[in-house]
Amino acid sequence: MKKYIYKSVILVLSLGVLAACESDPVMFDSSKSFVAFEKKTAEVKEGPSEDIVQIPVTIAAVPGSPSVTVNFEVLTEGATAIEGEDFEIVNETNTLTCDEGFGTEYIEVKPIDNSDFTGDKTFTIELTGNSRNYPLGAVSTVAVTVVDDEHPLATWLGSYSVNAVSYWSPGTYDESWNVTTKPNPDDVSTLLIEGIGNGDKAIVAKFDTEEMTITIDAGSNIGDAYGYGDVFPQIRK
């Protein structure tokens, strides 16, 4: 009889705890509200479509909070991309309005396409405050890169699957590589190739678009692709 009463008491207590959990849901602490970017970087690509890029801004607050307006500023110091020349901010008056008081709003950036190759350019957007005086989160600035599409070798830029055939013993030592070609900031007539031999070094390559050849100088270091250290392997003569 005592065991039965003991088990009944435990059951009642358990149901009481469960009911308390259901009646007291976990709520967001309003003192933890903040405003911040989701990421530190963003890309805006030039092109005929001139697609608008949305940069998300998080408003972390209690659901049902009053409407909040977020202010931001385009920084000019250190910027190589010029507003009105290389890009446009679509949002009027450089503000975001979140009517629900919490969630995600977007800064919209539109690239301005041109016919000149000027290289990639950058600028920074900074959150400067909001109408609810929420503190700014860890990421309060975002570095935006405007990617130029007029590179002389633009059609060669990208990622490729490469089949490497061994002359020593064809079939035995054949390999497949994933390589990426990127602009060389020091010379627009060449590209940087990463992934040769599955190495971790960027190799300078000369592209002849008329002869359809790619030339890499002998001695170019392709990194520690086979575990021999940083000196070997390299492109041999």
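Two strands count as paired when DSSP finds at least two bridges between them.

**Figure 1. Overview of the predicted model****.** The protein has 14 strands and one helix. Of its 237 residues, 30% are buried. Its accessible surface is about 15400 Å², and carbon and sulfur atoms contribute 53% of this area. Among contacts with a separation of 6 or more, 56% are between residues 24 or more positions apart.

**Figure 2. An open sheet of five strands****.** The strands follow the order β2-β9-β8-β4-β6, and their pairing is mixed. The edges are formed by β2 (41-45) and β6 (95-98); each has a single partner strand, so one side of each has no neighbour in the sheet. On average, neighbouring strands of this sheet are turned by 25 degrees against each other, direction ignored.

**Figure 3. The pairing of strands β4 and β6****.** In general, strands of a sheet pair through backbone hydrogen bonds, parallel or antiparallel. Strand β4 (residues 68-75) and β6 run antiparallel and are joined by four bridges. Thr69 has Thr97 in β6 as its bridge partner.

**Figure 4. The surroundings of Thr190****.** Thr190 belongs to strand β12, which covers residues 190-194. Is Thr190 buried or exposed? Its relative accessibility is 4%, and residues under 20% are called buried, so Thr190 counts as buried. The Thr190 side chain makes a polar contact with the side chain of Asn184 at 2.9 Å. The side chain of Thr190 also reaches the backbone oxygen of Asp187, at 3.2 Å. Leaving aside neighbours within four places in sequence, the residues in contact with Thr190 are His151, Leu153, Asn184, Val204, Ala205 and Lys206.

Terms used:
Residues numbered from 1 in each chain as written. Predicted model: local features only at pLDDT ≥ 70, side-chain atom pairs only at ≥ 80, totals over all residues. Heavy atoms only, no water. Helix = DSSP H or I, 4+ residues; strand = E, 2+ residues; numbered from the N terminus. Buried < 20%, exposed > 50% of the residue type's maximum accessible area, 1.4 Å probe, protein only. Polar contact = N/O pair within 3.5 Å; in protein donor to acceptor, adjacent residues only side chain to side chain. Contact = heavy atoms within 4.5 Å. Areas by Shrake-Rupley, 256 points an atom, 1.4 Å probe, with all protein chains shown as cover. Axes fitted to C-alpha atoms, helices over the stretch in contact; angles between N-to-C directions.
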